[in-house]
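Subject: Structure handover

Hi,

Here is the structure I promised to pass on.

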Amino acid sequence: MKIIILGAGQVGGTLAENLANEANDITVIDSDSTRLRELQDRLDIRTVQGRGSYPSVLRQAGAEDADMMIAVTNSDETNMMACQVAFTLFKTPTKISRVRANAYLARKELFCDAGVPIDVLISPEQVVTRHITRLIEYPGALQVLEFSKGLARLVAIEATKGGPLVGHELSYLRSHMPKIDTRVAAIFRRDRPIIPQGDTVIEEGDEVFFIAGADHIRSVMSELQPLEKRYKRIFICGGGNIGQRLAHNLENRYQVKLIERDRDRCIMLSESLRKTIVLQGNAANKDLLLEENIEGTDVFCAVTNDDEANIMASLLAKRLGVRKVLTLINNPDYVDLIQGGEIDVAISPQQTTIGSLLTHVRRGDVVNVHALRRGAAEAIEAIAHGDHRSSKVVGKRLDEISLPQGTTIGAIVRHNEVLIAHDHLRIQPDDHVILFLVDKSRIGEVERLFQVGLTFF
């Protein structure tokens, strides 16, 4: 595909890297020549310096025959205007735009061909808020990903001492939990992927990815580590867009406190949030945290725009006795560095958002994409179309499908029912097939599996 990306920041750069590695024709536009040069030194892409919403700059980038434009600059207005120009002057087929301000997002009627012609709206704040909310709903999870409107979920969890399955073969799970169907899609042991078999032994410290129906998630988690008590008290550091959304999502189910430095912002937050206790101050102030009984808090979420402030506040909160620390980290180089020590989960907005973007780039009918392990692995939900003549998967038993190396089918969702993958299952037309890839370079082979041959038409 010929794709134009507006914005060479963290999201634009991460996206360019993902797409360039999959043999797409990528052009990145940004007004910052240093950022563009850094990208060009690392990736096989074209770059154009200039303002992405200008018709002349878009033309120079090849908008006249581009298949897709993805606008992810830091300016909502630039992104929206670029989509308008691409629609009016260049008839660009697919226009994806990042829009962050709630003032725009609250008015969905704005986004149509007669208004602002954006085909797909991406709001990183919404995506990150959903991601953090799911982690709070499932204590102990490292990642919780939804498929088929939440019917099936893929969960990453660390196997720890005291989990009944630790030290046993995977086949033990079936006999130990006969009424619960689940499938382990992959295991990462000391950062190396293992494709699980029935005789694979789970070791302490393994990062285990399993898929199950939403109702069975906690039961399966209890096999891999002693089940944590549900959280009650949440402390949010940072009252920006993410902090505000998170408090709004959680305040009816949890006891929520939110701390923000800016006085005017605190006043606005206290007026817009109903049950959240809003505090003005610095979350890295030890006395303030102790005064607010931080040692009795279940989860501390640091979600300011400042990585260093998030890290320092999180480390302090952990030392003072918080059970779990979730920390937002914008710099991808920091994520691997800090996760798993005193900080329990480091959340990368780029990797969390990138899946939403990749969903619209994948060939075949792909309705969900999730980047895993900082982009090294991927989980996708693809819809099977056609019949046994035109499709490489429809009508076949799962053990008859030649999947690329390192790829596993975790589950099938059929007529709103989750069917965990077993060899005897046959794929039917319109099945939603959930796959896990430990090697992202194989994504093209998976896409081709789910493309319909011409005989179908």
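Below are the notes on what I found in it.

Before you dig in: this is a predicted model, where local features need pLDDT of at least 70, side-chain atom pairs count only at pLDDT 80 or more, and totals for chains, interfaces and linings use all residues. Residues are numbered from 1 along each chain as its sequence is written, and side-chain values use heavy atoms, with hydrogens and water left out.

The protein splits into domain 1 (2-122), domain 2 (128-222), domain 3 (233-351) and domain 4 (358-450); these bounds come from an automatic or database domain assignment.

Domain 2 puts 23 residues into the contact and domain 4 puts in 24, with contact meaning heavy atoms within 4.5 Å. Between them they bury about 2,000 Å², and carbon and sulfur atoms give 68% of that. (Buried area here is the accessible area, 1.4 Å probe, that two parts lose on being put together, summed over both.) Phe147, Leu151 and Arg183 supply 26% of what domain 2 buries against domain 4, more than any other three residues.

What about salt bridges between domain 2 and domain 4: how many are there? The count is zero, taking a salt bridge as a side-chain nitrogen of Lys or Arg within 4 Å of a carboxyl oxygen of Asp or Glu.

On the domain 2 side of that contact, β7 (141-147), β8 (152-158), β9 (182-189) and β11 (207-213) each bring at least two residues. Strands are DSSP runs (E, at least two residues) and helices likewise (H or I, at least four), numbered from the N terminus.

Ile157 sits in strand β8. Its relative accessible area is 0%, so Ile157 counts as buried (buried is under 20%, exposed over 50%, partly exposed in between; 1.4 Å probe, protein chains only). Leaving out residues up to four places away in sequence, Ile157 touches several others, including Leu142, Val208, Phe210 and Met221. Met221 is 64 residues from Ile157 along the chain, yet their C-alpha atoms are separated by 7.4 Å.

Arg190 is not a glycine but has a positive phi of about 50°; Arg190 is in the loop between β9 and β10 (192-194) and is exposed at 68% relative accessibility. Asn293, also not a glycine, has a positive phi of about 55°. Asn293 lies in the loop between α11 (286-291) and β15 (299-302) and is partly exposed at 46%.

Cheers
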